[in-house]
Amino acid sequence: MTPGTTVALVGNPNAGKSTIFNALTGEHQHVGNWPGKTVERKEGKFTAGGMTLNVVDLPGTYSLTAFSMEEKITRDFLLQGQPDAVVAVADAANLERNLYIVVQMLELGVPLVVALNMADIAESRGLKIDTDRLAAGLNVPVIRTIATRGEGLEELKQAVAQAIQNGVHHPHRPLTTGVEFKNDAPRCPNCG
Ligand SMILES: Nc1nc2c(ncn2[C@@H]2O[C@H](COP(=O)(O)OP(=O)(O)OP(=O)(O)O)[C@@H](O)[C@H]2O)c(=O)[nH]1
Ligand SMILES: [Mg+2]
């Protein structure tokens, strides 16, 4: 891993992580394999808020329970405290199912931004998601994105840069996993 600040893209399979990854990194990406695994590892760079950030496109996962090889890779990467921030990519058209991994990301205690992707599909089905209310409920920024059209990606970049600068402002209590994750992210005063 290149030294510096690393952002991990996490979310259910098909939520749009790789589309966001490609849009963020453009030409600045490297594709390899996870050590000893046949699963593709994509890493790249983008700039936001005057910072150059490494970004890793993690394999799709429904939870940190790690049943599949993809989930195990994602879990190990997160548990080893590698990312300085996480973008949880959620499919807005299947929000309830997608929120489970988002909640698990809250428990990591790392700066977190939610990309509420596939907004076009959700809206074409008549779903109206109040992103402000969701953000207030989760206590993390929620950005509406349509990754295939590049919509919301500038806002997403800004939110990631801001989240890294602000440190953690959400609960660190393990709600679903019972596991305390270790990382060096600055803690917010309310969390202790
Ligand atoms: N309509 C629409 N399609 C999208 C959007 N974002 C991604 N897609 C499409 O959804 C499909 C899945 O996107 P990917 O980026 O491959 O999803 P992923 O999360 O990387 O999937 P895995 O790597 O399998 O976990 C692709 O066909 C994308 O073109 C979006 O905002 N709107
Ligand atoms: Mg992908």
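Reply: In this predicted model, the shell around ligand 1 holds 16 residues, of which Gly16, Lys17, Ser18, Thr19 and Gly60 come nearest to the ligand. Two elements each give two or more residues to that shell, namely α1 (17–25) and α4 (119–124). The most is given by α1, which supplies three residues.

Seven strands form an open sheet with mixed pairing, in the order β2-β3-β4-β1-β5-β6-β7. Its edges are β2 and β7 (142–144), each of which pairs on one side only. Direction ignored, neighbouring strands of this sheet are turned against each other by 25° on average. In general, the strands of a sheet pair through backbone hydrogen bonds, in either a parallel or an antiparallel arrangement.

Both senses of pairing can be followed here in particular strands. Strand β1 (residues 5–11) pairs with strand β4 (residues 51–57) in the parallel sense, over five bridges. Within this pair, Ala8 has Val56 of β4 as its bridge partner. Strand β2 (residues 29–33), by contrast, pairs with strand β3 (residues 40–48) in the antiparallel sense, also over five bridges. Here Asn33 has Glu40 of β3 as its bridge partner. The two strands β2 and β3 make a hairpin, with six residues between them. In the turn of this hairpin, Gly36 has a positive phi of about 70°.

The edge strand β2 is also hardly covered: none of its five residues counts as buried. The corresponding description applies to helix α5 (residues 131–138), where the count of buried residues among the eight is zero. Just after α5, Asn139 adopts a positive phi of about 65°.

Helix α6 (residues 153–166), finally, is placed against the sheet. This helix lies across β1, β3, β4, β5 (85–91), β6 (112–117) and β7. Relative to β6, helix α6 runs at about 165°.

Note on methods: Residues numbered from 1 in each chain as written. Chains lettered and ligands numbered in written order. Predicted model: local features only at pLDDT ≥ 70, side-chain atom pairs only at ≥ 80, totals over all residues. Near = placed C-beta within 6 Å. Helix = DSSP H or I, 4+ residues; strand = E, 2+ residues; numbered from the N terminus. Buried ≥ 20, exposed ≤ 12 C-beta atoms within 10 Å, placed from the backbone. Pairing = 2+ DSSP bridges. Axes fitted to C-alpha atoms, helices over the stretch in contact; angles between N-to-C directions. Contact = placed C-beta atoms within 7 Å.
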